[in-house]
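Morning, everyone. Today I want to talk about aromatic rings. Have a look at the model first.

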Amino acid sequence: MIYNLVQICQNSAKEFGHNDAFRYLNEVISFNDLDVKSSQLAKHLYNLGIKKGDRVGILMPRCLETAIAVYGILKSGAAYVPIDPFSPLERAKFLIEDCGIKHVITIPQQIKKIKKLTLKNKNLTSIVGISNEEGFKSITWEDVFKISLKNYVPANILGEDLSYILYTSGSTGTPKGIMHTHNSALAFAELVVDLYDFKPTDKVANVAPLHFDPSILGYFSAPLAGATTVIVSDGHLKFPVSLAELMEKEQLTIWFSVPLVLVQLMLNGGIKNRDFSSLRWVLFSGEVFPTKQLRALMKIWPHAIYSNIYGPTELNQCTNYNLYEPPIGDDTIPIGTTWGNTEFKILDENDNEVKEGEVGLLVIRSATMMQGYWNNIALTEKSMYNLEVAPGFMHVYYRTGDLVKLNNKGELLFLGRKDRQIKLRGFRIEIDEIENILLKFKGVVEAAVVLADLKEEKELIATVLTDKNSKISTKDLEKHCNNELPVYALPSKILILDAFPRTSTGKINRKEMEKIIKP
Amino acid sequence: MEESIIKHIEQELANEEIEDGLELTDDLLGSGILDSLGMMKLISFIEEAYSIQVAPEEMVIENFMTVESICKYINSKV
C-alpha cells in the first residue's frame, strides 16, 4: 500500500529500476539512480538537522537535478518549496523569509543569485549544489553523491505530513503559500494514472516549471506508473520549432501544458511535417483553450485524445473533459465533470445552492485538496465552505471563486473568475466574454482585455495577437465588437501587439499589460 | 556586431541587471536573462540592425542560445 510520495520512487526503483525515470536534454537518470541519489541528499539534509515539517527551498531552472531535489527533500521528511530562479530577487527573499527556509538546493549556474540571497537572508545557513564559498556552508552535488548510505534510516512519513508548498504569483496582492500533504498530492497522482491509463512505456512531457502545479503530474504521476518524464528545457519553450523537434525525437506519448504552448507549436512549430504518431493524450490546463485553435490542432493530430483539465492549485486539479473528435462550433468547451473522490456544489452569494442551470460560484470537496495556506489560518478559513452533514461532522469545500453553470448534459461550464467580473459606469461586465468575442474573429490568436486607469476614468482596453498571415486592422476588430457587444462593454481602444507580457507560468501578465498600454 | 548585440541585451532587454557584464557564451535561454518577449524583441532588433529576415524554421535554440551563436547565424545570412 502506498501512502506517501517517497514510496513512488522506492517502488518504481524496485519494479522498473533500469528504466529512465527522468530525461533532460542529453541527460538521463534511472529509477535506481534516482532512488539512491535522493536518499544521499536526504541523508545530507538529515545530518544538517532537518526534521519533519521543515521547509527546504529548490532554486533551479528546469533541469535533471530537480527530480533528485524533490525526492531527496521528501525523503528527509521535509517539505519542498520551489523558488522560481527567474523571478526578481525580492520575491525569492520574501519566500525564504515567509516560510523560514534555512537550506536551498540549487545548481552551480545559480551561484550569483545564491550569493545575493545569502547576503540578504541571514537565516539561510546552507546550500546544496555549489562549491564552498565564503559566508555560508555548502556542498557540491559530487560530494552529495559520495555520501555512504550505510546506517541510513529513512524517515517515517505519514500521508498527512506536509509534502510541498507552492506559492501563488501574487498577482492580486501578497503571494500565498499553498500547502499540500502527501495524501493530497498522491491522490492527484493516482487519479491521473488511472484516468489516462499511464503505462511504464509512456513518455510524459513535463513542461511546467516546478513552482507551477502541473509539474505534480510530471514529477509524481509518471514515476508512479514507472513511465519516463521528459523535462522540457526553458530554451525549447522559447522556440516552437525546437520544441517540435524534441517531441518527435523523444517520441512523447503524453503531453501536458497550458494551451498557449500548444497554440505556439501549431502556429510556429512546423508540426505538420513531423511525426507525432506516438502521441496518445494531449492534456491541457491553466487557461481556456480557444475552441477554434483546439479544433485546428485536433485536425493536425487526429489520433490523440484531448483532455481539458481544470482546477486551481489549491485543489491540484478537479474536473476534466475529454474530446475524441474536434468540437463543432466556437463555443467554449466545458471543463467537464468532477473526477474520482471529488464532489462539487454551485452556490450563490449567500451560500445557497443555485437552481439547476443557473450561474453560481463553484465549491469543491476532494481528496486532492490542500491543507491550507501557509501561516495564514484566517485566509484558509475564508477560502473554505463548511457544511455540517451530521452533528459535529463537517464537509469542507474549497471556494474556487470561479463562476460556472451546468449545461443540459450535466457538464460544468467555466464562465470566468468572480474577480474578473467588473463594474464600469454601473454596468456589470465579464472581461472573459469580451475576450471570447475577440477570439471569434478569424485571425485573432489571443486576446487580453484589461481595465486600465487612464486619465480620470477607468477604461476597457483590448489587446490582441494576430496570425502573421492575416492582415487584420483595428478597424475590423472595432466593427466586429460593435456587432457583438453591448455598448457599455465595448473596449475604448483595441491594440494589436507583437507579443504579450507573460508570467513565468506562461499566463498573460495583466499587471505588466497595463504598463504597455499606458502611453 | 558582438558588442552591439551585448549592449542591446544588457541595456534594453535583460530582465535583471547583469552583473560583471554579459559574456559571449552565456546561455541566454536557460539562465533567465531573456524571457519569451525579450527573445522576440531581440530577433526584431537583429532583423532591423543587420537587414536580414529570420525565417520561422531558423528560430531554433542552436541559433539563439548565446551571443556567439547569434553572431555566427547572422554572418551565415549576410
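Let's start with one tyrosine. A:Tyr71 is buried, at 0% relative accessible area. A quick reminder: this is a predicted model.

Now its partner. A:Phe220 is buried as well, because its relative accessibility is 0% and buried means under 20%.

How many aromatic pairs are there over all chains? Twelve. A:Tyr71 and A:Phe220 make one of them, and the geometry is edge-to-face. The centres sit 5.5 Å apart, with 75° between the planes. Why edge-to-face? Because planes over 60 degrees apart get that label.

What does this pair tie together? Two helices of chain A. A:Tyr71 lies in helix 3, residues 65-75. A:Phe220 lies in helix 8, residues 215-224.

Next pair. A:Tyr385 and A:Tyr397 are tilted, at 5.7 Å centre to centre and 55° between the planes. Here we are in strands. A:Tyr385 is in strand 20, residues 384-390, and A:Tyr397 is in strand 21, residues 393-406. Twelve residues separate the two tyrosines. Buried or exposed, A:Tyr385 and A:Tyr397? Both are buried.

Now across chains. Which residues do ring pairs link into a cluster with A:Phe239? B:Phe64 and B:Tyr73. That cluster takes in residues of chain A and chain B.

Last stop, a charge over a ring. A:Lys37 lies over the face of A:Phe145. The distance to the ring centre is 4.6 Å.

That's my tour. Questions, please.

Conventions. Residues numbered from 1 in each chain as written. Chains lettered and ligands numbered in written order. Predicted model: local features only at pLDDT ≥ 70, side-chain atom pairs only at ≥ 80, totals over all residues. Heavy atoms only, no water. Phe/Tyr/Trp six-rings, centres within 6.5 Å; stacked < 30°, edge-to-face > 60°. Helix = DSSP H or I, 4+ residues; strand = E, 2+ residues; numbered from the N terminus. Buried < 20%, exposed > 50% of the residue type's maximum accessible area, 1.4 Å probe, protein only. Lys NZ or Arg CZ within 6 Å of the ring centre and 35° of its normal.
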